[in-house]
Amino acid sequence: MTRKKVKLAYISNDSARKATFKKRKKGLMKKMSELSILCGIDACAILYSPYDSQFEVWPSPLGVQLVVARFKKMPKMEQSKKMVNQESFLKQRIAKGNEQLKQLGKDNRKKEITQVMFQSLTGKGLQTLNIIDLNDLVWMIDQNLKKINKMIESLNKKAQSLATAAAQLVIKNGGKMPEEKPTFDTMDAIQRQQWFVHLVNPNEQMAFAGDDMMLPFGDANQNPFWPDGFFP
């Protein structure tokens with residue numbers, strides 16, 4: 001059974017807050033001890049709370065003094081290099097969450113446009129697509145064509161390599177070198193894709209800017225014909 005996720009918010013109930021503090025404090029001390037023993041590092045903890053008249057330290061007052069003295073001997077830049085407070089920690093978490101959300105949006109958009117592309121290959125029309133969807137679709141087709149061309153180029157190189165090896169073998173056995181080397185026919189594969197490119201882009205108005213072209217994604221505040229790129 002999975003443990004229920006705790007909501008990170010201030011506990012308004014006094015008794016519940018006190019019980020949580022004692023439980024968490026015990027767990028913190030245990031984790032500090034484990035970290036120090038397993039990794040062989042110097043660590044300390046100082047806790048102030050309204051439930052105790054004096055502050056608590058770990059592992060001991062002397063141990064805390066040694067760690068703090070070592071910390072103060074470090075240059076100022078080194079002291080604050082990896083130091084965070086609650087505000088900066090939350091900002092980091094929010095930025096990370098936003099980045100993950102953005103990546104999920106990119107992945108979902110790619111899947112959506114890929115599905116539209118395959119549906120159009122089965123004969124489904126593109127009349128319901130807006131200019132942003134068409135831009136994304138053209139980008140996706142272009143990327144797939146580039147992959148196909150790379151595969152064709154790779155197959156051509158392999159065919160030429162095999163032809164050269166075969167010719168050398170024939171020469172070695174006293175035969176004659178073939179006049180033509182077999183190559184993989186690239187034109188048919190490319191021509192089969194042209195009809196679809198011209199279908200969504202008959203006037204070649206939506207040109208590509210090379211490998212660095214960004215696939216646009218809808219934004220009501222941007223130019224409706226060329227909105228900012230959403231995913232590369």
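**Cysteines, cores and a helix crossing**

Cysteine 44, with a relative accessibility of 24%, counts as partly exposed, because a residue must fall under 20% to be called buried and over 50% to be called exposed. Cysteine 39, by contrast, is exposed, since its relative accessible area is 51%. This description, like everything that follows, refers to a predicted model. A disulfide is a covalent bond between the sulfur atoms of two cysteines, and a reader who searches this structure for such bonds will find zero disulfides.

Stepping back to the whole chain, we can count six helices and four strands, which follow one another along the sequence in the pattern α-β-β-α-α-α-α-α-β-β. The chain has 232 residues, of which 21% are buried. If we take the contacts between residues at least 6 apart in sequence, 52% of them join residues that are at least 24 apart.

Where do the buried side chains gather? In soluble globular proteins, nonpolar side chains tend to be buried together. Here the largest nonpolar core consists of eleven residues, namely Ile113, Val116, Met117, Leu126, Leu129, Leu134, Leu137, Trp139, Met140, Ile141 and Leu145. Helix H4, which spans 86-121, and helix H5, which spans 131-172, each supply at least two residues of this core, and H5 gives the most, with six residues. Apart from this core lies another one, made of six residues that include Met32, Ala43, Ala45 and Trp58.

Proline 59 itself is found in the loop that runs between strand E2 (56-58) and helix H2 (61-72).

On the H4 side, the contact is made by Arg109, Lys110, Ile113, Thr114, Val116 and Met117, while H5 brings Ile132, Asp133, Asp136, Leu137, Met140, Ile141 and Asn144. Sorted by class, this contact of H4 with H5 contains seven nonpolar, two polar and four charged residues.

Terms used: Residues are numbered from 1 along each chain as its sequence is written. This is a predicted model: local features need pLDDT of at least 70, side-chain atom pairs count only at pLDDT 80 or more; totals for chains, interfaces and linings use all residues. Side-chain values use heavy atoms; hydrogens and water are left out. A nonpolar core is a set of buried Ala, Val, Leu, Ile, Met, Phe, Trp, Tyr and Cys residues joined through side-chain atoms within 4.5 Å. Buried means under 20% relative accessible area, exposed over 50%, partly exposed in between (1.4 Å probe, protein chains only). A disulfide is a pair of cysteine sulfur atoms within 2.5 Å. Contact means heavy atoms within 4.5 Å. Ala, Val, Leu, Ile, Met, Phe, Trp, Tyr, Cys and Pro count as nonpolar, Asp, Glu, Lys and Arg as charged, and the others, Gly among them, as polar.
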